[in-house]
Amino acid sequence: MISNLINRKLFTLLKVQYSNMLEYRVEIALWAISGIIPFFMLNIWTNNNLNESLNISDTFLSRYFLCAFFVRQFSVVWVVFSFEEDSLMGKVSPYLIQPLNPFFRYFAQHLAEQITRFPFALIIAFFFFIFNPESIWIPNLGILLLSIVSTFLSFLIQFLIQSIVACLCFWTEKASSIERLLFIPTLFLSGLLAPVVSFPAYVKSWIYLTPFPYLIDFPANLLSGNETNISGGLIMQILWIFILFPLFKKIWSEGTKKYTAMGS
Amino acid sequence: MNLRKYLKVYKKFLHTSLASELEYKTNILVDLITAILSLVGSIFLLSIFFQNSGYIGGWKFEQALIIQGIYTILNGITNTWFNPNLSEIVKHIREGTLDFVLLKPIDSQFFISFKKINPSGFLEIMLGFFLLFFCIRINQINLDLSFLTLSLITISCSICILYSLWFFISTTTIWFVKTWNAIEVLRSFLYIGRFPLSSFSFSLRILFSIFIPIAFITTIPSEVFLGLSQVWKILLELIVASIFVITSRKFWLFALKFYSSASS
């Protein structure tokens, strides 16, 4: 009953947000373009033959970075920035009255944006294959489904982390600077710029305990058909969601008590 | 006399924006940690690149660090001046408050480019200088007068190019209204400035030196530091910088003809 209600609400929200997002096609296309850093990194790797001594083949590397690009495209989260603006403008107050957690609204926004983004990401991938025809591969259906699941889990982890940071808006007003701080380890440790396999041993020894490699490296390896510990990775992703979700609920209930309705 | 007026106005700008930014003191601390972490992260990435190869694009690790130093300084300048001001243009145009700027008896480009300042960028600039001094020591660079003047000239040219790029994209707001994402694209391309130009493949090198002159921004000043730069390159950078500054100015004046105020 309750889940049915949430489903219907979420579906309506999704429909509204999707039509909303379709209005901003150009912006979303530009946003998709701004995610092409992995391809520049690939260029540095292959152009300097850095992968040879690591026993990573060129095709593996180009597939890896393409997958990293895809995973990143579908796990970008910006809820902090939306929430900060809404809370500074006092727009959160009407949302709070509604019998639905406002984060569902942002969640639907993100999903709708991903659907809008999908064709642009495909176009970029198409151009990538024109320049790198040797890296074309077709993942089998099971792997494809699993990697979609793990990309979604990665999105969920990032969404939860950012929502927790967004709730800090109730206390500090400018939570986006904390998000920018958290973005740095995400950028360097998630595998967006270099696959985690290539990291030095002193980093590899602890990195798998943090959520970072499960954000991009794990789904990208899965999708590109590499050897990875599939069940282990998925379990870690789910584990992190189980850790973060109660934390979010706690900080949300604490924060709403603190809420002072700015700007209204 | 005119110059004195502008200096006086600038002093007032400094005063007001510093006063408002210092309200968020913890923010400045968080930004400092962000700057340090992002420098550590990029040195970490660089060390991954160098762990199996002594040279990248003909640059040694110690030499590539110079690029990081210069990038950090330029990024600090971007965060101090360009980013806060030029994202304000978008707001001015969307809300129609550019009218008030245009009515003031002062140059509009000067007003919108220097109105705000974000003091946390200073710390990043200092960080960059520390790294540069460290690099000067480990690379045993002689500090003589010609070196100092040449590096000063090239770095100021880089600043001019960087400013023009930012200003150019912000100006397009007059037609497209929402250029927030175009700025993101520029940011992600500028990221390439952390690596020597010669580490990329030929086609990307062409792209980064003709269409988006990122090559000029960090690589040429770093070559000056190492005493590798030929005179023609420095002259070229001077020419490119002046072309950029003049065109961005002309473009602004041209764009203003199309400005139709909003919501009034």
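User: What does chain B average in pLDDT?
Analyst: Chain B averages a pLDDT of 87, and 97% of the residues score at least 70; pLDDT is the predictor's confidence in each residue, from 0 to 100. This is a predicted model, in which local features need pLDDT of at least 70, side-chain atom pairs count only at pLDDT 80 or more, and totals for chains, interfaces and linings use all residues. Residues are numbered from 1 along each chain as its sequence is written, with chains lettered from A and ligands numbered from 1 in the order in which they are written.

User: Where is confidence lowest in chain B?
Analyst: In helix α8 (residues 173-176) of chain B, at a mean of 81, while helix α12 (residues 231-256) of chain B is highest at 91. Helices are DSSP runs (H or I, at least four residues), numbered from the N terminus.

User: And the complex, what ipTM?
Analyst: The predictor gives an ipTM of 0.84 and a pTM of 0.88.

User: How many residues does the contact take from each chain?
Analyst: 32 from chain B and 28 from chain A, where contact means C-beta atoms, placed from the backbone, within 7 Å. On chain B's side, α2(B) gives the largest share, 13 residues.

User: Switching to chain A: which residues of helix α5 are buried?
Analyst: V79(A), V80(A), F83(A), E84(A), D86(A) and S87(A). Buried means 20 or more other C-beta atoms, placed from the backbone, within 10 Å of the residue's own.

Definitions and conventions:
Buried ≥ 20, exposed ≤ 12 C-beta atoms within 10 Å, placed from the backbone. Helix = DSSP H or I, 4+ residues; strand = E, 2+ residues; numbered from the N terminus. Contact = placed C-beta atoms within 7 Å.
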